[in-house]
Amino acid sequence: MKANMSYASTRCRSFFVFPILFAVVLLSLLIPSSADKRHVINFRSPGLYPEGLTWDPRDQHFLVGSLHSRTIHSVSDAGVIETLISDLDLPENATILGLAVDSTNRRLLACIHSSPPLPPFSALAAYDLRSGGRRVFLSPLPSFPGDDEGIARDVANDVAVDFKGNAYVTNSAKNFIWKVDRDGAASIFSRSPLFNSQPVAADADASFRDCGLNGIVYISKGYLLVVQSNTGKVFKVDEESGNARLVLLNGDLIAADGMARRRRDGTIMVVSQKKLWLLKSQDSWSEGVVYDEIDLDLEGFPTAVTVAERDRIYVLYGRVMEGIMGSYKEEGPREWFGIEEVWSEKEGGEDKIWLYVLIGFGFAYFCFWRFQMKKLITNMDKKIT
Ligand SMILES: *[C@@H]1O[C@H](CO)[C@@H](O)[C@H](O)[C@H]1NC(C)=O
């Protein structure tokens, strides 16, 4: 009898322990989703006005370029900024545009561009991240033969890299793509007529009317995706042939700039000064759907997007236009810039549905368990009496 009694009381204690445990688990699930604030990083670097942003997964920091100082900097989660590269061989006042990390070769690739009134200069630079940023190559990018840089100059705008270390660079002024191999040999890779076939958006203003191919990402299945600012179109470009196809979308990404890809589910992010678009495709980008549009801070002039730790999406608020126009007040160039996490409510919503299902399931299980427990105790009582 005594043994049975203590058995019953242990079970009775666990009768209370279980719901408490369940509540703790539930709370730990609920709290992060409601209290976890968007991650905002502010960093100080007077006059930097960065345009390019990428994430280095190995060293766990962001990388940003400078508008005029020929430098590339790392920015930590906590906003600690350090100068990683200072390359005085670049032409004076040249701008660092798109950035990409080549993880295979542990290199950083950077688009270099000199804007008027500086002499024309378009190049791709590669820096060795293992040796603290030693330059591997600085490859000038060839103009199209016969094109003497007449009216518009080439603009090496953004870069993507494949697993072998080949870089693909968009020329946003002339609508073609360069390729630079891992030894630095540069050539014109894709000049698809499709890049000039789409109508420029009716509401394109001077800030992007002449800006064509821009953000670019490499997809492991042998192709690239590239977005065109002034038409809002996305193209799928074959990695071998350079042939392009128009990706059918449920909307135009007008004034699109940087682009990034989330490995986990292949989601593509495209940023503009006004918003961030999230795109998905079921058929390797013959067709795609814009499934969310997130408003961004227009004043911050976002130009680039990247995916960092735990698949978090970040945009760069580099206020580049202010730097270009010199439109700052008497207090001089701006000192503070930002990298901010962006959340999709749509995705958050999905998570929450899962949470409700989980809670419902837990509750049902709890009721069932309680019912069993009641039966057990009733049986026990019968035995004892
Ligand atoms: C670079 O910029 C500085 C500051 O605006 C200017 O004084 C200098 O003349 C520029 N250099 C060139 C080569 O244009």
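Visitor: Which residue in strand 12 is the bridge partner of alanine 167?

Guide: In strand 12, valine 180 is the bridge partner of alanine 167. Strands are DSSP runs (E, at least two residues), numbered from the N terminus. This is a predicted model, in which local features need pLDDT of at least 70 and side-chain atom pairs count only at pLDDT 80 or more, whereas totals for chains, interfaces and linings use all residues. Residue numbers start from 1 along each chain as its sequence is written.

Visitor: Why are strand 11 and strand 12 said to pair?

Guide: Two strands pair if DSSP finds at least two bridges between them. Five bridges join strand 11 (residues 167-171) to strand 12 (residues 176-180), so the two strands, which run antiparallel, pair.

Visitor: What makes strand 10 and strand 13 edge strands?

Guide: The open, antiparallel sheet has the order 10-11-12-13. Strand 10 (156-161) and strand 13 (186-190) each pair on one side only.

Visitor: Why is phenylalanine 189 called partly exposed?

Guide: A residue is buried with 20 or more other C-beta atoms within 10 Å of its own, exposed with 12 or fewer, and partly exposed in between, the C-beta atoms being placed from the backbone. Phenylalanine 189 has 19, and is therefore partly exposed. This residue lies in strand 13, and its C-alpha atom is separated by 4.9 Å from that of tryptophan 178.

Note on methods
Helix = DSSP H or I, 4+ residues; strand = E, 2+ residues; numbered from the N terminus.
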